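Subject: Structure handover

Hello,

Here is the structure I said I would pass on. Please look through it before reading the notes below.

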There are 2 protein chains.
Amino acid sequence: MAKRRKVGNLMALAVLSALVQQPMHPYQMASVLREHGKDQNMKIKWGSLYTVVQNLEKHGLVEAGESVRQGGRPERTVYRITDAGRAELTDWVRELLSTPEHEQSRFTAALSVLAVLSPGEAADLLAQRLTALEKALAARRTALAEAAREVPRLFLVEEEYELAVAEAEIGFVRGLLGELTSGTFPGLADWQVFSETGVVPPELAELMERGLHPQ
Amino acid sequence: MAKRRKVGNLMALAVLSALVQQPMHPYQMASVLREHGKDQNMKIKWGSLYTVVQNLEKHGLVEAGESVRQGGRPERTVYRITDAGRAELTDWVRELLSTPEHEQSRFTAALSVLAVLSPGEAADLLAQRLTALEKALAARRTALAEAAREVPRLFLVEEEYELAVAEAEIGFVRGLLGELTSGTFPGLADWQVFSETGVVPPELAELMERGLHPQ
DNA sequence: ATGCGTATACTCGCTCACGAGTAGTCAAGG
DNA sequence: CCTTGACTACTCGTGAGCGAGTATACGCAT
């Protein structure tokens, strides 16, 4: 049911999880998250960080402790998590973990308008993607193996998950690309004709009239 | 390098691709998209739709034609795509297709704070997710098979992709769940102790001091 | 005729995310 | 001892995104 969270931004989750370990000021949260490699997946957005912390405070999920001034630096407010914050954190994780939700990826969007390109060009671009994906996967795999020598698995599962998904994407792209280059993709000829001449094959034209209606 | 698009919202891509077929007014775009099953993946947000169309117009990617009034209904402005719009569409698809980009999923976020739960509870929740995922996958598979009897593959690749990714997620969750329930997950005992008593095992405590720093 | 539900076709105003800017501090180099 | 560049620590304005509301029209039953 995905109940509306008081603070919906996923960065709030990261902030809460950082504050569970120890009280901190916002800038330190950023460093801690960065050290955990969270910035790999989720670029740290400064604007959001401070807004999120404020919102968390407004809803009583964190509270400001003493504000320390060290050196001539601007005063830093140290925040700590409240009981309500801890409750929100666990409840939120429970929800995120148990109930899958539909997320729209940019690649999905691209595939859904694939027909605007010619099959040849589509194949070229997919080939580019494939090599990029493979390179990235290899790099992340070695980085993970590296990290695994120090850090327990528990803190690396999210990366394992992402790698699993990345592998699936590679498999899909490779498959599709194979069909395109070998010519076994069904309807490839029609697609080719359409992209060259703009002529829609008759059985398709009929479909478009009444709207192609999956499901 | 993922150049900034004039109109960055992915809904703009859908709008452009709809207008390539024929000129329409915004509400009709929504119906067309819905008929294409685009709303399955991407809920139609009314607020965005009209803003996006306006922005597209502002940047010369679409242009308003005559505004038709039929019956006593509010006047509908019919938009058509411009040459610049067509160029933007293909260029955008090219980019989306060729260059993978890191997207942060909610499940990844959840996994990255998995440690706040006890292993037992994590296993329960993952089991819930697993059944939900399997049910959804089965439904989507039959829906796809159904659609495939009418609609050419070309217009279903995005759904195939999503199913492939969904399968990978299921595989991952099943694997992780298996390790948790069978007790073969490395460090499970430490995790259990920590979740019950809050005591961090010594070799881990040391890590947290200097920051666990993957890569 | 009249009421009611549903489809059409938007509009408005709030919230939230974020990038780019700012301003002080420190360390090192010339 | 002065400059330069990197780091610390935030602030603020902009603008995108969206949900909820609105208003009219049509069809169908009563």
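The notes below go from the single chain to the pair of chains and then to a few residues.

This is a predicted model, in which local features need pLDDT of at least 70 and side-chain atom pairs count only at pLDDT 80 or more, while totals for chains, interfaces and linings use all residues. Residues are numbered from 1 along each chain as its sequence is written, chains are lettered from A and ligands numbered from 1 in the order in which they are written, and side-chain values use heavy atoms, with hydrogens and water left out.

Chain A

Chain A contains ten helices and two strands; helices (H or I, at least four residues) and strands (E, at least two) are DSSP runs, numbered from the N terminus. Their order from the N terminus is α-α-α-α-β-β-α-α-α-α-α-α. Of the 215 residues in chain A, 44% are buried (buried is under 20% relative accessible area, exposed is over 50%, partly exposed is in between, with a 1.4 Å probe and protein chains only). Among contacts in chain A with a separation of 6 or more, 61% join residues 24 or more positions apart; a contact means heavy atoms within 4.5 Å.

Helix 2 of chain A (residues 26-35) has P26(A), M29(A), A30(A) and L33(A) as its buried residues. Viewed down the helix axis, these residues fall within an arc of 100 degrees, so they line one face of helix 2. The arc is taken over the directions from the helix axis to the C-beta atoms.

The two chains together

Chain B is superposed on chain A by a rotation of 180 degrees with 0.0 Å of shift along its axis, at an RMSD of 0.0 Å. The two copies are thus related as by a two-fold rotation axis. The superposition is by least squares on the C-alpha atoms of residues with pLDDT of at least 70 in both copies. Of the interface residues of chain B, 100% are also interface residues in chain A, so the copies meet through the same surface.

Helix 8 of chain A and helix 8 of chain B (residues 157-182) have axes that come within 9 Å and cross at roughly 145 degrees. Residues making this contact include Y161(A), A168(A) and F172(A) from chain A, and Y161(B), A168(B) and F172(B) from chain B. Axes here are lines fitted to C-alpha atoms, for helices over the stretch in contact, and angles run from 0 to 180 degrees between N-to-C directions.

The largest nonpolar core has 125 residues, and V15(A), L56(A), V15(B) and L180(B) are among those with the most contacts inside it. Its largest share, twelve residues, comes from helix 8 of chain A. Such a core is a set of buried Ala, Val, Leu, Ile, Met, Phe, Trp, Tyr and Cys residues joined through side-chain atoms within 4.5 Å.

Individual residues

V93(A) lies in helix 5 of chain A (residues 83-98) and is buried, at 0% relative accessibility. Leaving aside neighbours within four places in sequence, V93(A) touches L13(A), A110(B), V113(B), V116(B) and L117(B). V93(A) and L13(A) are 80 residues apart in sequence, with 8.3 Å between their C-alpha atoms.

H25(A) sits in the loop between helix 1 (10-21) and helix 2 of chain A, and its 10% relative accessibility counts as buried. Not counting residues up to four places away in sequence, H25(A) is in contact with R76(A), T77(A), V78(A) and Y79(A).

N55(B), in helix 4 of chain B (residues 46-58), is partly exposed, with a relative accessible area of 25%.

Regards
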